[in-house]
Each structure stands twice: as structure tokens, then as C-alpha cells.
Amino acid sequence: MPKVKTNRVKYPEGWELIEPTLRELQGKMREAENDPHDGKRKCETMWPIFKIAHQKSRYIFDLYHRRKEISSELYEFCLDQGYADRNIIAKWKKAR
């Protein structure tokens, strides 16, 4: 018999500490995506979305690299699940 795949995600240790902030930022992202864009240029409608995505990535970057408050397992989990952008964090690491 084939294995049954489940969609259950096992959250690493410390997830409950950062979850409220990430949920709040996701809510803001949803609002920015649903905002009416009447009379705005396409790039102007994208600015709030980029700003919030940048905020989420910066939050996780600071927790791991600057303050060292989260484990590497939780950091990798956030990158793998798409809570932070791996490429933008790589640029911040190079600048240090």
C-alpha cells in the first residue's frame, strides 16, 4: 500500500513565541493585497506588500542573527515555510 501523505506541519520549539507577530503581519499582508488600487500605478499598489514582506523577513533575521533568540531549527523552518525570504536575508548577511 502507498504511504498516506498528511498536511500536518510539526512546529519546532519556540514557534509559540513568534507566531503572534507573524500572524499579525500576515493579516496586514492580506489587507494590503485586498486594498482597492483605483487611480494608482501598478508599482504603487505593490509597495505596501513589499514593505510587509520585508518586515517579516527582517523580524526573523533579527531574532536569529542579531538577538539569537530562536534556534536554527526554527529559523530554517520559517525559511522553508515561506515566512521569510531567503534571498533578502542572504543580502543582509553579506552586508555585515
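Modeller: A residue is called buried when its relative accessible area is under 20%, and exposed when that area is over 50%. Please bear in mind throughout that this is a predicted model.

Colleague: Is S57 buried or exposed by that rule?

Modeller: S57 counts as buried, because its relative accessibility is 2%. The residue belongs to helix α2, which covers residues 42-66.

Colleague: Which residues is S57 in contact with, leaving aside its neighbours within four places in sequence?

Modeller: On that basis, S57 touches A84, D85, I88, I89 and W92. Two of these names, I88 and W92, return when we consider how α2 meets α4.

Colleague: How is the packing of two helices described?

Modeller: In general, one gives the angle between the two axes and the distance between them. Here, α2 and α4 pack at about 50°, and their axes are 10 Å apart. The two helices are therefore oblique to each other, and their crossing is right-handed.

Colleague: Which residues of α2 and α4 meet?

Modeller: From α2 come H54, S57, R58, F61 and H65, and they meet I88, I89, W92 and K93 of α4.

Colleague: What should I look for in a nonpolar core?

Modeller: In soluble globular proteins, nonpolar side chains tend to be buried together. In this model the largest nonpolar core has 17 residues, and W15, I18 and I60 have the most contacts inside it. The elements giving two or more residues to this core are α1 (15-34), α2, α3 (72-81) and α4 (86-95). The most come from α3, with 5 residues.

Colleague: Which contacts does I18 make beyond its neighbours within four places in sequence?

Modeller: With those neighbours left aside, I18 is in contact with Y59, L63, I70, L74 and C78.

Colleague: How far apart are L17 and I70 in sequence and in space?

Modeller: They are 53 residues apart in sequence, and their C-alpha atoms are 9.1 Å apart in space.

Methods:
Residues are numbered from 1 along each chain as its sequence is written. This is a predicted model: local features need pLDDT of at least 70, side-chain atom pairs count only at pLDDT 80 or more; totals for chains, interfaces and linings use all residues. Side-chain values use heavy atoms; hydrogens and water are left out. Helices (H or I, at least four residues) and strands (E, at least two) are DSSP runs, numbered from the N terminus. Buried means under 20% relative accessible area, exposed over 50%, partly exposed in between (1.4 Å probe, protein chains only). Contact means heavy atoms within 4.5 Å. A nonpolar core is a set of buried Ala, Val, Leu, Ile, Met, Phe, Trp, Tyr and Cys residues joined through side-chain atoms within 4.5 Å. Axes are lines fitted to C-alpha atoms, for helices over the stretch in contact, and angles run from 0 to 180 degrees between N-to-C directions. Angles under 35 degrees count as roughly parallel, over 145 as roughly antiparallel, 65 to 115 as roughly perpendicular and the rest as oblique. A crossing is left-handed if the near helix is turned anticlockwise from the far one by less than a right angle, and right-handed if clockwise.
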